[in-house]
Amino acid sequence: MTELGRYQDPLTIQRVLHATRSIAIVGLSGNELRASYFVGYYLKRHGYQVIPVNPREKEILGETCYPSLRDVPVPVDLVNVFRAPDALPAIAEEAVAIGAAALWCQFGVINEEGARIAEDGGVTVIMDRCIKVEHARYVGRMHWLGFNTQRITSVRAGLQ
């Protein structure tokens, strides 16, 4: 089992969220009921450039959809992964090839080989965390919940 703590450092998460402008979402679904769609919608609403990557779709969230990361014609700061863990090594190789700064693996997307490939290529890895939840935690969008589950905090002091 991967030691996940090294991929969940709060300061790294905050740094990545603030440095990121463009996010390629691998596995973004056009189905409004899927978590990936909701996350993409949320990120777009909060000012990020969302780039859908899904070979089965032409357009999602009003954005052109690309079959792979290598097909994306603009620079990508962060690659967000909504795919099965066994797909991660190939996605990590593509993330390195396109010069992404970070690889963000959603809840359950845990693959040590993929993390190693990305890190060896100079890509920051965040694993088994939801980018929407972490953005909400550090930007203060969930402060009204008023409890701390170690995933969501009621602290409103802003970034540390």
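Reply: Start with a term: two residues are in contact when heavy atoms of theirs lie within 4.5 Å. The model is a predicted one.

Me: Which elements do the buried residues of helix 2 pack against?

Reply: Helix 2 covers residues 35-45, and its buried residues are Ser36, Tyr37, Val39, Gly40, Tyr42 and Leu43. In an α-helix, residues three or four places apart point the same way, because there are 3.6 residues a turn. The partners of these buried residues are strand 1 (22-26), strand 2 (49-53), strand 3 (59-60), strand 5 (78-81) and helix 5 (131-139).

Me: Which residue with a positive phi follows helix 2?

Reply: The phi in question is near 95 degrees. The residue is Gly47.

Me: Is Asn80 buried or exposed?

Reply: Asn80 sits in strand 5. Among the residues it touches beyond four places in sequence are Ile23, Ile25, Val39 and Ile131. A polar atom of the Asn80 side chain lies 3.3 Å from the backbone oxygen of Trp104. The relative accessibility of Asn80 is 0%, so Asn80 counts as buried.

Me: Which backbone atoms does the side chain of Asn111 reach?

Reply: Asn111 belongs to the loop between strand 6 (102-105) and helix 4 (112-120). Asn111 counts as buried because its relative accessibility is 14%, and the cut-off for buried is under 20%. Leaving aside neighbours within four places in sequence, Asn111 is in contact with Pro85, Asp86, Leu88, Pro89 and Met127. Its side chain reaches the backbone nitrogen of Gly114 at 2.8 Å and, at 3.0 Å, the backbone oxygen of Pro85.

Me: How many disulfides does the structure hold?

Reply: A disulfide is a covalent bond between the sulfur atoms of two cysteines. Cys105 is buried, with a relative accessible area of 0%, and Cys130 is also buried, at 8%. The number of disulfides in the structure is zero.

Me: Which helix gives the largest share of the lining of the largest pocket?

Reply: The largest pocket holds about 400 Å³ of space. Its lining has 19 residues, with Val26, Gly27, Asn54, Phe82 and Arg83 nearest the centre. Helix 2 and helix 3 (88-97) each supply at least two residues of that lining. The largest share is three residues, and it comes from helix 3.

Me: How many residues of the lining of the largest pocket are charged?

Reply: By class, the lining has 10 nonpolar and five polar residues. The charged residues number four.

Key: Residues are numbered from 1 along each chain as its sequence is written. This is a predicted model: local features need pLDDT of at least 70, side-chain atom pairs count only at pLDDT 80 or more; totals for chains, interfaces and linings use all residues. Side-chain values use heavy atoms; hydrogens and water are left out. Buried means under 20% relative accessible area, exposed over 50%, partly exposed in between (1.4 Å probe, protein chains only). Helices (H or I, at least four residues) and strands (E, at least two) are DSSP runs, numbered from the N terminus. A polar contact is a pair of N or O atoms within 3.5 Å; within protein, one must be able to donate a hydrogen and the other to accept it, and residues adjacent in sequence count only if both atoms are side-chain atoms. A disulfide is a pair of cysteine sulfur atoms within 2.5 Å. On a 1 Å grid over the protein atoms alone, a cavity is a set of points where a 1.4 Å probe fits but cannot get out, and a pocket is an open set with protein on both sides within 12 Å along at least five of seven lines; lining residues have an atom within 4 Å of a point. Grid points are joined across faces, edges and corners, and a volume is the space filled by probe spheres set on the points. Ala, Val, Leu, Ile, Met, Phe, Trp, Tyr, Cys and Pro count as nonpolar, Asp, Glu, Lys and Arg as charged, and the others, Gly among them, as polar.
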